[in-house]
Amino acid sequence: MNPNQLIIESISSSTANVFSTMLGVELPLGEVCRQGEPPEPDDGVVSFIGIAGTWAGTGSLSCSPQMACRICSQLLMTEPPAVNEDVLDAVAELTNMIIGSVKTDLESQLGPLGLSIPTVVFGRNFKTRSAGKTEWMSVTFDWESDRLLVKMCLAPNEKAHAIHHVPVHTCALEI
Amino acid sequence: MESDILVVDDSAAIRKILQRVLRQTGMAIRAIHEAGDGQEALALLAEHRVDLVLTDINMPKMDGLQLLASLKASAQWHNTPVVMITTEGGETKVAEAVKLGAAGYVRKPFTADQIKEKLVGILEPALPL
């Protein structure tokens, strides 16, 4: 299976599994989006996790502040009045579990991968951009009137391959 | 007999989830203590008796494997069962934990039933349900 297809399938199954297991919510099947659809979020809650290894990239979740509060409510059994530390922690942990599960699926095909600590952004009128040129694989999930976007971009890590394949005599010259 | 459990995770969200899930299991639990990393866990263990440690693997300062090694090297705590919680897919860290003496491991995401199944087998002699 090509990696992009594997990413899409793994995002779909991992997100459904984490919502079912940790939140007790059965999400309907996600909708696969082409790059640029839906448009990049410019407000709400967005979380990112870096992925590194022989392949490198980023995994991301984004949703409205209302949905982030619902996630927190289901996950921690608290009722946050608005986006607060608990909500950001809950979204970070959800991202960690979903992208961590996708990473596990991918490792069988792509080899060992590492994850960074999640970063969560909450605000209005912001822009997000990845410096990579790889196409994002995106899946949206509807939870009643709310929508969650889960996406990932991943490409072969040329630096990792270069380090792995540097001939011994080249190393000697550099020393 | 009721047990004291120590939950070690750098994520406050996961500690809260584990508090809730452990209560949902219906096991006889007297207290659930919390620590944010291995160093905090060791400091807490200096002052509290616990019957089981449930710890994340990836944490800052002192990770779960270092904590496990410290407990197994301790005269006071080497018999205390330690269960690892991880999102790691690779078997390397889990295998390392088992080699160091972990009593078992649970993968995130987890359900109350999965936690109960794992802990009951370990605490059974001391924890009638």
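I looked up how helix α2 (residues 65–76) of chain A and helix α3 (residues 85–110) of chain A meet in this predicted model, and found that their axes come within 8 Å and cross at roughly 80 degrees. I noted that axes are lines fitted to C-alpha atoms, for helices over the stretch in contact, with angles running from 0 to 180 degrees between N-to-C directions. Angles of 65 to 115 degrees count as roughly perpendicular, and α2(A) and α3(A) are therefore roughly perpendicular to each other.

I then listed who makes this contact (C-beta atoms, placed from the backbone, within 7 Å): α2(A) brings A:Ala68, A:Cys69, A:Ile71, A:Cys72, A:Leu75 and A:Leu76, while α3(A) brings A:Asp86, A:Val87, A:Ala90, A:Val91 and A:Leu94. Sorted by class, the residues of the contact of α2(A) with α3(A) are 10 nonpolar, no polar and 1 charged; Ala, Val, Leu, Ile, Met, Phe, Trp, Tyr, Cys and Pro count as nonpolar, Asp, Glu, Lys and Arg as charged, and the others, Gly among them, as polar.

Next I turned to the contact between the chains, which takes 17 residues from chain A and 14 residues from chain B. On the side of chain A that touches chain B, α3(A) gives the largest share, 9 residues, and the classes there are 8 nonpolar, 5 polar and 4 charged.

For the whole chain, I recorded 5 helices and 7 strands in chain A, taken as DSSP runs (helices H or I, at least four residues; strands E, at least two) numbered from the N terminus.

On conventions, residues are numbered from 1 along each chain as its sequence is written, and chains are lettered from A. Because the model is predicted, local features need pLDDT of at least 70 and side-chain atom pairs count only at pLDDT 80 or more, whereas totals for chains, interfaces and linings use all residues.

Conventions:
Parallel < 35°, antiparallel > 145°, perpendicular 65-115°, else oblique. Contact = placed C-beta atoms within 7 Å.
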